[in-house]
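Here's a model to pick apart, question by question. Have a look first, then we'll check the wording against the criteria.

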Number of protein chains: 2
Amino acid sequence: MTALARLSARFSRIAALEEAAGMLHWDAAAMMPEGGAAARAEQLATLAGLSHELLIAPEVAADLAAAEAEGEWQAANLRLMRRAHARAACLPTALVERSARANSACEKLWRRAKAAADFALVAPALSEVLACQREIAARLSDALGLSPYDSLMDGHQPGVTAAEVEPVFAAYEAFLREALPRAEAIQAAKPAPIPLPGPFPAAAQRALCRSLAERVGLEPAHFRLDESLHPFCGGTPTDVRITTFYDEADVAKALLGVLHESGHALYERGLPAAWARQPVGQAAGMAVHESQSLIIEMQACRSDAFLSWLGPRLHEAFGGDPAPYAPENLARVWRRVGRGFIRVDADELTYPAHVILRFRLERALIAGELEVPELPAAWNEGMRGLLGITPPDDAKGCLQDIHWHDGAFGYFPSYTLGAMAAAQLMAAARAVTAGLDEALARGDLSPLVGWLRAKVHAQGARLGFQDLLREATGKPLDPADFMAHLTRRYLTA
Amino acid sequence: MTALARLSARFSRIAALEEAAGMLHWDAAAMMPEGGAAARAEQLATLAGLSHELLIAPEVAADLAAAEAEGEWQAANLRLMRRAHARAACLPTALVERSARANSACEKLWRRAKAAADFALVAPALSEVLACQREIAARLSDALGLSPYDSLMDGHQPGVTAAEVEPVFAAYEAFLREALPRAEAIQAAKPAPIPLPGPFPAAAQRALCRSLAERVGLEPAHFRLDESLHPFCGGTPTDVRITTFYDEADVAKALLGVLHESGHALYERGLPAAWARQPVGQAAGMAVHESQSLIIEMQACRSDAFLSWLGPRLHEAFGGDPAPYAPENLARVWRRVGRGFIRVDADELTYPAHVILRFRLERALIAGELEVPELPAAWNEGMRGLLGITPPDDAKGCLQDIHWHDGAFGYFPSYTLGAMAAAQLMAAARAVTAGLDEALARGDLSPLVGWLRAKVHAQGARLGFQDLLREATGKPLDPADFMAHLTRRYLTA
C-alpha cells in the first residue's frame, strides 16, 4: 500500500465520521426529543475526538511527506490533506478542549444574554472564547504562514485573505453610500407593496416547498425536507437534509428559505462522486457554498422572470385576491430595501454592510486592538457609520448573532463573498447559456443548474475560491457584477 | 489515572460510537431517502471498525489484567469489559470482514429468494454465512470455554447455555402437545370473534398509539414514535425511538406493536443513568429485553383487565358499532390460537414451537450435523412434528426469517426465554404489588412498571439472565409460570 493509498483510506474514515456527525446534528435540530441533548453531546464529542485523533496520528506526517500524487485531482487532494493536517497538528489537545468548553459555556449564556439584551452577562464568557481564538489563531499563523486573522478565515474559506477582502468591502461601502439613498427614493416613488394576505396553512406550504425543491433539481431519492427552528442544509451528498420553519402568517420565510437551502443542497448533490469522502471531493468553502444558495434564491428565484412564473402558482396554492400575487407586487414585497438592525432580515443591498461591520470588528478583536467590553460601543458606532442607524439595545446590536459566541471568527466575510460570487457566476452563466431567463420565466432552473453543476459543483475542492471563479467566469472575484446586479434591480426607476 | 479509569473512558467512547450507530440505524429505517443507503453503509462500517479497534487495542489487555474493582457494580462492569474484550480479541479482522461481507451478500439474495420462494437462490450464500459463523463460533469457543453454539448464544443473551434451554424447551413441547388441541377445542366452543370493522385512519391510529406509549410510561421529552416497514425500538436510553407501521385495515398491528416496542423502550429508559455508556449500565441481554416488551404487550395489555379499559377507548377513537370493541370480543380477536406457518404472526401458545424448531436446526447447523441444502426438508419435518402442518413452500418455511441470512445464529431462543421470563416476572409482580390488576383495569400500568423499574430496568447488566430472575422472583427461569399463564388464558373454558 502506498503512502497516498493509506492517506486516502484514513481521510475516507475521517469523512465518514464527519458524515455521521452531520446526520446527528441534523437529527438534533429536526428530530431529537429535548431529553436526548446530553447523550447527543457525548456522541458528537466522541466522533469529533476520534476524527481529530485519526488526523493527527503520528504516522500521518510521514505519509504526507512521502506521498506522491499523479494528476491534478490527486495533487489537489494531497494538498488539501496536508492543509487539514497542518491546521490540526499545530493545536494542542488541551487548547482544543479549553476552546470547546469556552464555546459551549458562552453559547449557553449568549441565549440568555440576547433574550435579556444584557451584554454584561455574556462578556466574561465571550472574553474567554476570544482568548482561546487568539491563541488558536497565533498557533495556526505560525504553522501556516498566514496572519492570525487570515488563518481563522482560511478555516471557513480556504485561501482567501483579509488583504483581498478589504478593498472589495471598501469599494462596496463607497457604492452603498450613494446607492442606498437612491434605492430608497426610487422605492418610495413606486406603489406601496400589497402584503400577502395569508394565513398560509403549514400543510399547503410544505407541499409547495417540496415541489419547489424538486423543481430546482433535488431528487426525491436523495433529499428530505423537514422542520427546525433555524433552517439549514445538512446531511451528505447522496442524502441531503434541508429544513425550514413554517410561519402561517408569512409564506416568504419558508418559501424563499427552502429555495436558499436548496441551492446549498444542489451543491452537495453535485460534488464529484468519484472523490466522495476525500478532501478534494468536498465543497470548496463557505463562500462558495453561500454563492450556490444565493444564486438560486437571490439571483434566480427573486428575478422578474421567475416571479412571473411563481406568482400564479402561489395564487393557485393559497387562493384569495390575485392582486398581491402579481409578479410586480411580489417583487416589491420580496425585494424591499431598508435600513435595519438585523443581519438575517436584511435585504440584498444592505446585507453586506452588516458583514463589513462584523469583518472589521472581528479583525480588531483577533488582532488585540479591540477588547470585548468595548464591543457594544464599537458596534453601534460602526452601524451608524455604515447605515446611519443606532441599535436601541445590544440584542439588536452585537448580541444578535451566535457566531462569535460559538467561537466562529473569520466566517462572516463568506456571506458577502458568496453574494458577490453569485452575481458573478450568474452573469457568466447568462453570457454563455442561451435562454436562461426564458427558462426561469417557465419556472425552469435547469439551464442555470446544469451550468453550475459543471462549473462549480463537479469541481469539488479542486480549486480555491479565486481560481474557481477564474475558471468559471474568466476573472477572480470582481464586485462589479454584484453592483451591476443591484443597480439593475434597485437603482432603476 | 488507574487502569479501571482508563478502561471506563475507553468503554464510554465505544458506547458513544454504538449510540451514534444506533441513531443512524434508526434514521436509515425511519427517515433516510433510499439514495443515502450506500453512504450510510460506509458510515456504519467506519463506526463499527473504530469501535472494534478501540476494544482490541494492545493496551486494553494489560489494563484489563491490572484493573481492580471496588463494590459489586464496578466488579460487574469490569467482568463485562473482560467479556467484551475476550469476544472481540479472538476474532481476526479478516474473519470479521469476511463474515460481514457474507452476511450482507446473503441478506440481499434472501430478499429475492423469499419473494420468489426459491431457497436454491440463496443456499450458496447462506452456506458461506454458515461457514463464517462456524469459524467464529470455534474461535469464541476456544477463547470463552463454551461450546461453539453456546458461545454464539452468549453474544445475544450472556451466560445462557443450550444445556439450560434444552430441558425447558422439551418440557414446553410436551405441554403444547396436550394444550394446543384443548385450546383449539375450547376456542371453537366459544362465539366466533367479530372482526374490528375499520378502516382505521392512520392519523387517528398515530394519536392513539402515541397516547398509549405515554400512558405506559414514556415521557414526551425522551421518545419519538415514527414509521418504518419493520417496527423496532432503537435510540439511546434518554432518547428512545420506537417505530410502527399503520395498516388502515387492521388497527391491531400498530396498537399492539407500539405497546410491545414501548416495553423495550421503557427498559432502555430505566437503565441506571449513573452507569450510562458503561457495560454494566446497558441492557442485560436480548432475552431480558424481550421479557420487557412481552410483559407489557402480552401479560399486561392483552389481559382481561386492560382490555376492559381499552375497549371503550378504542370505540371512542374509531366509532361505529360498539360490539366488536367489547372486551370479551377483543380478547377473542387478539388472543386467537392457531397453527400457522409464520413465526411473527403466531399466537402466544404456538410461538415457542417456532422458536424450538429454529433452536434445534441452528444448533445442528453450527455443530456441522446439518448442512444448508438439507435445511428445507429438516424445517418441514420439524414443523410437522411440532405443529402438525407442512409449509406449502419455503417462503412460508425456512426462508421466512432474516436472522440466519443476516448471520444471526443463537438469537432465536431469546424470544421464548423472554416470553417465559415475562410470565415469571408478572407472577412475582402480582404477588407483591397490591392492586396491580385493578390498576390495569383503569388503564394504569404504573404499579407494574414501577416494579419492573426497580427489579429489572435499574439493574442494568449487573446480573445475568438467571440471577436477575432469581433476585426478582426468587427462582431461576421456571417455565411453570408461563404454562400457568397460558392455562388460565387459553385452557379454561
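Q: Why are α6(B) and α7(B) described as roughly perpendicular to each other?
A: This is a predicted model, so local features need pLDDT of at least 70, side-chain atom pairs count only at pLDDT 80 or more, and totals for chains, interfaces and linings use all residues. Residues are numbered from 1 along each chain as its sequence is written, while chains are lettered from A and ligands numbered from 1 in the order in which they are written. Now the angle: the axes of helix α6 (residues 119-144) and helix α7 (residues 148-156) of chain B cross at roughly 90° and come within 8 Å. Angles of 65 to 115 degrees count as roughly perpendicular (under 35 is roughly parallel, over 145 roughly antiparallel, the rest oblique), and therefore α6(B) and α7(B) get that label.

Q: What makes up the contact of α6(B) with α7(B)?
A: Contact here requires C-beta atoms, placed from the backbone, within 7 Å. On the α6(B) side the residues include B:Gln133, B:Ala137 and B:Leu144, and on the α7(B) side they include B:Pro148, B:Tyr149 and B:Asp154. The residues of this contact split into seven nonpolar, three polar and one charged. For the classes, Ala, Val, Leu, Ile, Met, Phe, Trp, Tyr, Cys and Pro are nonpolar, Asp, Glu, Lys and Arg are charged, and the others, Gly among them, are polar.

Q: How do you know what relation chains A and B have?
A: Chain A goes onto chain B with an RMSD of 0.0 Å, using a turn of 180° and a shift of 0.0 Å along the axis. That's the relation of a two-fold axis.

Q: What makes the side of chain A that touches chain B?
A: The contact takes 31 residues from chain A and 31 residues from chain B. α1 (3-30), α2 (37-56) and β1 (223-227) of chain A each supply at least two residues of that side, and α1(A) has the largest share with eight residues. By class there are 15 nonpolar, seven polar and nine charged residues.

Q: Why do β1 and β2 of chain B count as edge strands?
A: The three strands form an open sheet in the order β1-β3-β2 (chain B), with mixed pairing. Strands pair if DSSP finds at least two bridges between them. β1 (223-227) and β2 (233-236) of chain B each have a single partner strand, so one side of each lacks a neighbour in the sheet.

Q: How do you know that β1(B) and β3 of chain B pair, and in which sense?
A: They're joined over five bridges in the parallel sense, against a requirement of at least two.

Q: Which domains is chain A divided into, and how do you know where they end?
A: Domain 1 is 1-89 and domain 2 is 157-493, with bounds from an automatic or database domain assignment. Their C-alpha centres lie 29 Å apart. The contact takes 20 residues from domain 1 of chain A and 17 residues from domain 2 of chain A.

Methods. Least-squares fit on C-alpha atoms with pLDDT ≥ 70 in both. Helix = DSSP H or I, 4+ residues; strand = E, 2+ residues; numbered from the N terminus. Axes fitted to C-alpha atoms, helices over the stretch in contact; angles between N-to-C directions. Contact = placed C-beta atoms within 7 Å.
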